[in-house]
Amino acid sequence: MSVLASLPDADYQFAEWRVARVSLDYHVEIDGFFYSVPHGLIREQVDVRATTRTIELFHRGSRVAAHQRRYGGRRHGTDPDHMPSAHRRYAEWTPERFRRWGRSIGLNTEGLVLAILANRPHPEQGFRTCLGVLRLFKDLDPERAELIAARAVAVRALTYKSIASIIANKLDRSARPTDDVVVDHPNLRGPGYFH
């Protein structure tokens, strides 16, 4: 006499649910990684089901995207089918618009914007960082913003967190040592010593 049912075919998987809003770059951030959804859902709220292996995104009860969960490597998981034609669903958010904004502050800030956009597989994936930099620089003196931008590009600090750290720690004010300075000291032997 059998009183126990047979075990299910698939192992039980713990799933964590949360709510997220789709960003301008049609990605949702989950634990520092970005997963795409169809571009028509920009600014919409979605439900996220995260397991150890997958990330599933639902809009109004319908699954709109599924991705393999990332723990390392590239931060963006982009399904090409989710991209808008020519990557620009909303014409007001373009790489050129961010470049013009950077140029309005100065050449170093424009260079920082270009470096951020060029550092991503698709420039649109840098929009979130550029918007963050816009917020950080909004209350700063343009001269200081230029120093921060120059420092960020020099040390390849092309994320929101690293630029915020430069501002918080006032690293834009510290002088960087230059390699071309020759120190005159009596203990230095010079080139004649070895010949």
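Analyst: Helices (H or I, at least four residues) and strands (E, at least two) are DSSP runs, numbered from the N terminus, and by that convention Ser36 lies in strand β3, residues 33-36. This is a predicted model, in which local features need pLDDT of at least 70 and side-chain atom pairs count only at pLDDT 80 or more, while totals for chains, interfaces and linings use all residues. Residues are numbered from 1 along each chain as its sequence is written, and side-chain values use heavy atoms, with hydrogens and water left out.

User: Why is Ser36 called buried?

Analyst: Buried means under 20% relative accessible area, exposed over 50%, and partly exposed in between, with a 1.4 Å probe and protein chains only. Ser36 has 0% relative accessibility, so it counts as buried. Its contacts (heavy atoms within 4.5 Å) include Tyr26, Leu57, His67 and His82, residues up to four places away in sequence not being counted.

User: How do you know that the buried residues of helix α1 line one face?

Analyst: In α1, residues 95-105, the buried residues are Pro95, Phe98, Trp101 and Gly102. Seen down the helix axis, these fall within an arc of 125°, so they line one face of α1; the arc is that of the directions from the helix axis to the C-beta atoms. The buried residues of α1 pack against α2 (107-118) and α3 (127-138).

User: What makes Phe98 and Phe127 an aromatic pair that is tilted?

Analyst: Rings of Phe, Tyr and Trp (its six-membered ring) pair if their centres lie within 6.5 Å, and planes under 30 degrees apart count as stacked, over 60 as edge-to-face and the rest as tilted. The structure holds three aromatic pairs. One of them is Trp17 with Phe58, at 5.5 Å centre to centre and 35° between the planes, which is tilted. Phe98 and Phe127 are also tilted, with 5.0 Å between centres and 45° between planes. This pair links distant parts of the chain, Phe98 in helix α1 and Phe127 in helix α3, 29 residues apart.

User: Why is the contact of Arg99 and Glu110 called a salt bridge?

Analyst: A salt bridge is a side-chain nitrogen of Lys or Arg within 4 Å of a carboxyl oxygen of Asp or Glu, and the side chains of Arg99 and Glu110 meet at 2.8 Å, N to O. Glu110 is buried, with a relative accessible area of 8%, whereas Arg99, at 31%, counts as partly exposed. Glu110 also forms a salt bridge with Arg103, the closest N and O atoms being 3.3 Å apart.
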